[in-house]
Amino acid sequence: DNYTPRQRRLYRSFKVCMWILSVASARLGPRRCYQWLSLIPARPGAPGLSESELIELRNLAQDAARTGTAGAACLEISFLLFAFLRWQGEKPTVHIGVRKMSGKIHSHAWTVCNQRVVSELGDPRLFYKVMPLLEAK
């Protein structure tokens with residue numbers, strides 16, 4: 001692994017949090033889990049995050065999800081980034097979208113911060129209809 005000591009600490013924290021969020025979203029449901037995470041206050045004096053820091057967080061969260069034992073999916077990644085960004089003083093939102101492919105309904109979750117998707121490279125808003133469940137108010 002080519003992580004710096006700071007990235008390694010974040011990665012380990014993300015793996016633990018990913019497991020906790022996986023259990024919480026399964027037990028509480030997405031709406032209640034989101035409401036619970038919305039109570040996270042901004043850390044006093046949090047400087048906000050640069051574009052490169054947002055990319056770094058996304059990559060670490062995806063790595064943690066890929067190698068974790070919890071079988072984390074897009075919802076847990078989105079919740080993880082949402083919680084961490086709130087703690088950093090940002091105002092993120094989690095969006096859940098649906099689309100129909102080959103006669104089946106597919107859903108996907110992603111995190112938006114400053115009107116930009118931060119949980120992945122592409123923009124799922126181009127392919128999914130956003131459901132109001134977790135949309136910003």
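Predicted model: local features only at pLDDT ≥ 70, side-chain atom pairs only at ≥ 80, totals over all residues.

Me: How far apart are the axes of helix 1 and helix 3?

Reply: The axes of helix 1 and helix 3 are 9 Å apart, and helix 1 passes helix 3 in a right-handed crossing.

Me: Which residues make that contact?

Reply: On helix 1 it's Arg6, Gln7, Leu10, Tyr11, Phe14, Lys15 and Met18. Helix 3 puts in Glu56, Leu57, Leu60, Ala61, Asp63, Ala64, Ala65 and Thr67. By class, the contact of helix 1 with helix 3 has nine nonpolar, two polar and four charged residues.

Me: OK, and what angle do helix 3 and helix 4 pack at?

Reply: About 140°, with the axes 10 Å apart. Helix 3 and helix 4 are therefore oblique to each other, and helix 3 passes helix 4 in a right-handed crossing.

Me: What does each side bring to that one?

Reply: Leu54, Leu57, Arg58, Ala61 and Ala65 come from helix 3, and Ile77, Leu80, Leu81, Phe84 and Leu85 from helix 4. The classes for helix 3 with helix 4 are nine nonpolar, no polar and one charged.

Me: Now helix 2 and helix 4: what's the angle there?

Reply: About 15°, again with a spacing of 10 Å between the axes. That makes helix 2 roughly parallel to helix 4. Their crossing is right-handed.

Me: Who's touching whom?

Reply: Pro30, Cys33, Tyr34 and Leu37 of helix 2 meet Leu75, Phe79, Phe82, Ala83 and Arg86 of helix 4. The contact of helix 2 with helix 4 counts eight nonpolar, no polar and one charged residues.

Me: Switching topic. How much space is in the second largest pocket?

Reply: About 230 Å³. It has 14 lining residues, and the closest to its centre are Ser13, Cys17, Leu80, Ala83 and Phe84.

Me: Which helix gives the most to the lining?

Reply: Helix 1, with seven residues. Helix 1, helix 2 and helix 4 each supply at least two residues of that lining.

Me: And how does the lining of the second largest pocket divide by class?

Reply: Its residues divide into 12 nonpolar, one polar and one charged.

Conventions. Residues numbered from 1 in each chain as written. Heavy atoms only, no water. Axes fitted to C-alpha atoms, helices over the stretch in contact; angles between N-to-C directions. Helix = DSSP H or I, 4+ residues; strand = E, 2+ residues; numbered from the N terminus. Parallel < 35°, antiparallel > 145°, perpendicular 65-115°, else oblique. Left-handed = near helix turned anticlockwise from the far one by under 90°. Contact = heavy atoms within 4.5 Å. Nonpolar A, V, L, I, M, F, W, Y, C, P; charged D, E, K, R; others polar. 1 Å grid on protein atoms, 1.4 Å probe; cavity = no way out; pocket = protein on both sides within 12 Å on 5 of 7 lines; lining within 4 Å. Points joined across faces, edges and corners; volume = space filled by probe spheres on them.
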